[in-house]
Amino acid sequence: MNGPVRAPLPDGRWHFQHGPIDLVIGAEGDASAVAAALEDCWAAFGAVLPALVAELPQLRSPCTPALRLRGPVAQTMARACAPFAEEFGLFITPMAAVAGAVADHLIRCFRRPGVARAYINNGGDIALALTDGQAFDIGVVADIDAPRLDGALRIAARDPVRGVATSGWRGRSFSFGIADAVTVLAADAAAADAAATIVANHVNVDAPGIERAPADRLRDDTDLGSRLVTVRVPTLAPELVHAALERGAAFARRCLERGLIHAALLTLQGRSRMLDTQDMAALT
Amino acid sequence: MTERVGSNAVGERFEAAEPVVVAAKPPEKMAANKVLCDACPVLCQISEGRLGACDRWGNVGGKLTRMDPVVLMKRPGVEVIASGHAQWNGEWLNDAPVFVSGVGSGTTYPDYKPAPFIVASRHRGVDMVTVVTEGIFSYCSFKVKIDTDRYLGAEQSTVRYEGEAVGHVTTIEYGSQFLSLGGVHHLTGGSKREGRVTCDLMQKLGNREAVELEIEGGARLVVQAGRAPIVDGVPESRMRVGCGSATIGIFAKQWFGHVDEVVVVDDHITGVLTEHQAGKCLDMPASGIRIRGRKSTPGRYFQVANPGTGWGGTDITDPLSIVEGWDPQVARPGLRLLMVSTTGEHAEYFVLDEKLQPQRAPMPEAVRKVVDRIGENCEPALTTVLFVAGAGGSLRAGVTENPVRLTRSIKELLTRVTCGGAPAYVWPGGGITVMVDVTRMPERSFGTVPTPAIVAPIEFTMRRDVYAALGGHVDRIQSVEQVLAQANHRLIDWLPDNPWPLAPLENGE
């Protein structure tokens, strides 16, 4: 059994890894405060995975009001996912927010005097800590096939955003949809993670050539059972791309209206849709 | 697994943590085809061919396997302490029995940082340094040699994979057709899908998987490094012994006395024994046969038929279709004619009747023996796959602060270049353009990044003083023992046909 490991990256960031959890952590501020925060984070990190594993069967079961969870990360996961089950009547398990919830849980270690700003990137799901006057510029890459910075989202301390998450069918998690990427800004990383997953599921269209397979035939121990997940998306006609993005955008708008998210960027085959609220940081 | 960069990103050493309490218990019942991964508390039960939750560990052939460790290679007879965080006593390393390969090493692209591993070792008392990295190559391609006479497609034809243009048909060499597959033009110059499909094809070819290709206006092929090509569903078994003319030359004496005429059918050069110089040397009388096509030199004919997958790379199934007729002044009834392909796979024996019409007849044993010998002299038809890549840009910056010195050092044979331990041929001229046989590299040496580009291992080995002289990152040198003790690694046996890279080069003594 391999325990958690950590390694400094040459640019001063840290890499924490334990089983399937990979974190890249960046923090700035007073050197001793940052070092102390990192040590606290490391101390907390080792307990995260065992606690999740202890409740894994429940975490892999659909969200219902009856679901009882003990661990703090598990509870964050369930809380982030519950609106999608309860308000929209959708299938979702707490696992949809696992990456974001882990990042949220650990970012708290950096919310202390002396740390100006920090982030924990858990495989694309990012939790932020910001003090007054600080901001993060988050680069947005709309097309992974031709990576270029399509814009930078400035998230300032006065904005309500502390979580950024991205989901898509080609990522490590499965998707029912065909989005290349859905990036969501929300109050915390768990909320962003759950919403990105569900919005990405809604970027969808039926077209020949799109291949789907039962999730449990692709991976063992999936929380999605035999539900069909996307395994291949051919180049689609522009009207199909448009239709799929419209479906996703319509759902993202409902999430915005209910205050579940603050902004969403949906991309599919080189086209994208951006939705945000008035008080959000604009795309610069 | 697509994204390899970053998985083991900069090869920094992981710090061992305090043991943690394991919360989950192994399951009591588990399906027989699964393995229990105990690498972390999740304890995934992984079916064969699948990955665990982390994408790092998988079930490969019933064995729990680390999917992305750095691959170390040991020479036969060397015992090495297992892996992980094992304590290392550093006793055996007088003659460097372990080589750290670039496979799984990660990369620092696109920056200027030192390569993931810069490894010191001693070989016969000489201090050596190996700079180990994985290159991300946009400028790279595969040159594929397909041993066949069959017509695969016209030169310059487009080769397609999953409907996308991924390369082209290039020259025919002796007994083989060459294809050029991949390359920056298809990776980044076309549509996004073309780039992705090309990248996928290249990774599969490099990792010795079978791929099905379609040549525009030509054949459908299945090619796999080190295996026989399959042309239009038919596995190729023999590489021709030579062109038709060469076959005449090789076997003329053995046919002499058993037949009066031999035609070796070949799409390139069909040979006719009695007209050929070899027949003349044996004082064979002319047979009066008239062959279709364009006469080149005596006994050698071009274009006797169309290219195809029939006899000798032509489209014919009846050999007599290339015989225009017989000169009645010269030909005589009872004349014995053998028609044979350049691989001996096709052969028929005829005797001219009273009207000078060839009639099929049982092949005499003595003739059959020579036909069989043609087959015996054909080498097995193979597909060979060579990776060609240019190591430029920041890859060299990972080796030295003064990259041109690395280039010079390689040209001066002070620095040896290997790819996954396999010897690389370095092209003359500018830059570091290498060519390597993928079958000499460890399994699964190739990866991809979404750019799209190919990830491939590359190692530079030189004497330590040479490394220092070319401005190397000497402060980042670590010992093999440190790599063994601290990096996630997988230890495999050295491929015995490859020269040991730590042995000094000609000028490196």
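**Strands, a loop and a helix pair**

Visitor: In which sense do β8(B) and strand β34 (residues 478-479) of chain B pair?

Guide: Strands are DSSP runs (E, at least two residues), numbered from the N terminus. Two of them pair if DSSP finds at least two bridges between them. Here there are 2 bridges, and the sense is parallel.

Visitor: What kind of model is this?

Guide: Residues count from 1 along each chain as its sequence is written, while chains are lettered from A and ligands numbered from 1 in the order written. Local features need pLDDT of at least 70, side-chain atom pairs need 80 or more, and totals for chains, interfaces and linings use all residues, for this is a predicted model.

Visitor: Which residue in β9(B) is the bridge partner of Phe117(B)?

Guide: β8(B) also pairs with strand β9 (residues 126-137) of chain B, in the antiparallel sense over 7 bridges. The two form a hairpin with 2 residues between them. Across from Phe117(B), the bridge partner is Val132(B).

Visitor: Is Asn377(B) partly exposed or buried, and why?

Guide: Count other C-beta atoms, placed from the backbone, within 10 Å: 20 or more is buried, 12 or fewer exposed, in between partly exposed. Asn377(B) lies in the loop between α5 (365-376) and β27 (383-390) of chain B. Its count is 17, so Asn377(B) is partly exposed.

Visitor: How far apart in space are Asn377(B) and Arg238(B), C-alpha to C-alpha?

Guide: In sequence, Asn377(B) and Arg238(B) are 139 residues apart. In space, C-alpha to C-alpha, the distance is 9.1 Å.

Terms used
Helices (H or I, at least four residues) and strands (E, at least two) are DSSP runs, numbered from the N terminus.
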